[in-house]
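I opened this model to look up chain folds, sheets and backbone geometry. My notes are below, in the order I took them.

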Amino acid sequence: MNVLGMQTLFVKEVRRFMRVPGQTVLSPLISTTLYFIVFGYSISSRIHEVAGTPYLHFIVPGLVFLGIANNAFLNSSSSLFITKIQGTVVDLLVAPLGPGELMAGFIGGAMVRGLVVGGLTWAVATLFTGFSLEHAWVAAYFLLVSSYVFSVLGMLAAVWAEKFEQINFFPTFVMLPLTFLGGVFYSVRELPAPWNTISLFNPMVYMVEGLRYGMLGRSMYSPLYGGSILLGVAVVATAVTYFVLRSGYKMKA
Amino acid sequence: MSTPALELQGLTKRYGSFTALQQMDLTIRAGEIFALLGPNGAGKTTMIGSVCGLVKKTAGTIRIFGKDLDQDSVGPRYQVGLVPQEINFDPFFTVAESLRIQQGFYGQQRDEARVDEVLTALNLANKKDALTRALSGGMKRRLLIAKALVHKPRLVFLDEPTAGVDVELRRDLWTYVRKLASEGTTIVLTTHYLEEAEELADRVGIINEGRLLMVEDKTTLLRRFGEKRLVVTFDAPQSAPSDAARRFSARLSENGRTLTYVEREGAAPGGDLLRALYSEGLPIADVETRRSRLEDVLLEVLRGKPQPQVA
């Protein structure tokens, strides 16, 4: 295994997004904070509590999740896609980097960006709600698994996409609806049938609820149940991406 | 005999019904400079891409320093460097950072001395800390070459490395390529500047429509297919070829001003004809000789004159 190659790609990915922090960290932080202020304050005047938790506190885990998911996905998808467009993918394909090394580098870098934005969102939220961390290990697990899954999906989208339009397909038509149906701003249990049942097939629900358990100590689902589902999602996404990369699909002529 | 740097056996690449490479057999010796020549779309870049992991081959075997890529597709790539045809650069990084990243990709620890050495050799030392997007086109091309060499590969592919660069860089690169070869690096070169291949190559392969038409030692090739032209210009037009001209099968131009003699291998030397013309007392004003170049040989081979021959 080319450990140094993998490490180099990881460091390169982190440096890449840190070269443009206004675009990669500050901008998503501001938009997530705006969600918090606009949704939080406008709705909390009418909904004071959700399942015994003040509404402003209730939405913090979901907003942290949003920051992680969007930025982890955007980092791996845009970075890999741009290497394809710029032609620098040649450097990666010629170098002794197998699918495992490529995944570790891109996914690692994307996770860092997702976690940085998620962490900063959390820090901003604590200014309004105070700090709450009930189950640190559970929160850490769901933070990591969420950022991991979206980093992998971002990579997969970048491999598949051939045009800029296609790279936006997944965030617009898949991520956005699932995010808003994922219980970020409300409790999925309060949805009318059949939507509450359909929501059970949305992995984002488990990500948000798992984080909610870790941060607030309350969740609709057992974190073990949600965590297991997400582990399964992560394993499947990893396997698919690995085999797609190994096959050279849309990466090699 | 040492292990060949590269061995291709039956290498084939098809895109649907189009065959880009057809049953290519080729052995490239360690330490040689090999020029692969052919028109656009002949299959040169497809061959290089297949070896370097950019193209999925349809059939055949590729061995790099004896290691079969089907058995281990990653390991042999530590030994390979590629200067791609298309210029690419990562705008987020400086010239030196790009080279350090490249070292890391090849599993090497940061080696600042090597970075400086390559940058100096390619006349980029004063741009070490410049962002790659700020470089001119020629400098970006130099950077591509530096990136391909910084990890000290034993097998380097130069896919039209001097396309669109100035004469100075071309000369610098030739000097550097010769230095690399003298140190034991194997170089595979494709180029449209046949002067470049003629200047550098030990052996030449000619490819067309995905088929390797021939592989030959450069000097042998030039001797076998090459010719020397002797053009004699007269002060006054001649009405007919002289006896000497007829004896040597030299051709008199329509206006009677010039006489052309083509000297192929085994034919009488042009000097004999000149002596005969002088002894006939003809009014010779000027004499010009021109040895055929690789370009002429390539055209001749592509026109199908010799039989396909593969080494």
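Predicted model: local features only at pLDDT ≥ 70, side-chain atom pairs only at ≥ 80, totals over all residues.

The entries start with the whole chains and then go to sheets, helices and single residues.

**Entry 1**

**Entry 2. Chain A as a whole**

I looked up the secondary structure of chain A and found 11 helices and 2 strands. Read from the N terminus, the order is α-α-β-β-α-α-α-α-α-α-α-α-α. I then checked the radius of gyration: a compact globule of 253 residues would have a value near 18 Å, and chain A has 18 Å, so the two agree. Along the principal axes, the C-alpha atoms take up a box of roughly 55 × 35 × 35 Å. I find 46% of the 253 residues counted as buried. For contacts between residues at least 6 apart in sequence, 82% link residues at least 24 apart.

**Entry 3. Chain B as a whole**

The C-alpha box is roughly 75 × 45 × 40 Å along the principal axes. Of the 311 residues in chain B, 41% are buried. Among its contacts between residues at least 6 apart in sequence, 70% join residues at least 24 apart.

I also looked up the domain assignment. Domain 1 of chain B is given as 6–90 + 134–223, and domain 2 as 227–291. I read 42 Å between the C-alpha centres of these two domains of chain B.

**Entry 4. The mixed sheet of chain B**

In what order do the 6 strands of the open sheet in chain B lie? I read E6-E7-E8-E3-E9-E10, with mixed pairing. Strands E6 (80–83) and E10 (211–217) of chain B are at the edges with a single partner strand each, so one side of each has no neighbour in the sheet. On average, neighbouring strands of this sheet are turned by 15 degrees against each other, direction ignored.

I followed two of the pairings. Strand E3 (residues 33–37) of chain B runs parallel to strand E8 (residues 186–190) of chain B, with 4 bridges between them. Within this chain, B:Phe34 has B:Val188 in E8(B) as its bridge partner. E6(B) and E7(B) are also parallel and are joined by 4 bridges. There I find B:Leu82 opposite B:Phe157 in E7(B).

I looked at where the residues of E6(B) point. In a regular strand, side chains alternate between the two faces of the sheet. B:Val80 and B:Leu82 point one way from E6(B), B:Gly81 and B:Val83 point the other way, and all are buried.

**Entry 5. The antiparallel sheet of chain B**

I then went to an open sheet of 4 strands in chain B, which has the order E2-E1-E4-E5 and antiparallel pairing. Its edge strands are E2 (18–28) and E5 of chain B, each pairing on one side only. Strand E1 (residues 6–15) of chain B is joined to E2(B) by 7 bridges, and the two run antiparallel. In E2(B), I find B:Leu26 as the bridge partner of B:Leu8.

**Entry 6. Helices across the strands**

Which strands does helix H1 (residues 44–52) of chain B lie across? I list E3, E6, E7 (155–159), E8 and E9 (203–208) of chain B, with H1 at about 145 degrees to E7(B). H1(B) also lies across E1, E2 and E4 of chain B, at about 110 degrees to E1(B). Helix H5 (residues 167–182) of chain B lies across E3, E7 and E8 of chain B and runs at about 145 degrees to E8(B).

**Entry 7. Backbone exceptions**

Most residues other than glycine have a negative phi, and most peptide bonds are trans. I looked for departures from this.

- The peptide bond between A:Ala193 and A:Pro194 is cis, with omega about 0 degrees. I place A:Pro194 in the loop between helix H8 (169–180) and helix H9 (195–198) of chain A.
- B:Phe65 has a positive phi, near 45 degrees. B:Phe65 sits in the loop between strand E4 (59–64) and strand E5 (67–68) of chain B. Is B:Phe65 buried or partly exposed? I count B:Phe65 as partly exposed, because 17 other C-beta atoms lie within 10 Å and burial needs 20 or more.
- B:Glu160 has a positive phi near 50 degrees. B:Glu160 is in the loop between E7 and H5 of chain B.

Terms used: Residues numbered from 1 in each chain as written. Chains lettered and ligands numbered in written order. Rg over C-alpha atoms; globule rule 2.2 N^0.38 Å. Buried ≥ 20, exposed ≤ 12 C-beta atoms within 10 Å, placed from the backbone. Contact = placed C-beta atoms within 7 Å. Pairing = 2+ DSSP bridges. Axes fitted to C-alpha atoms, helices over the stretch in contact; angles between N-to-C directions. Domains from an automatic or database assignment.
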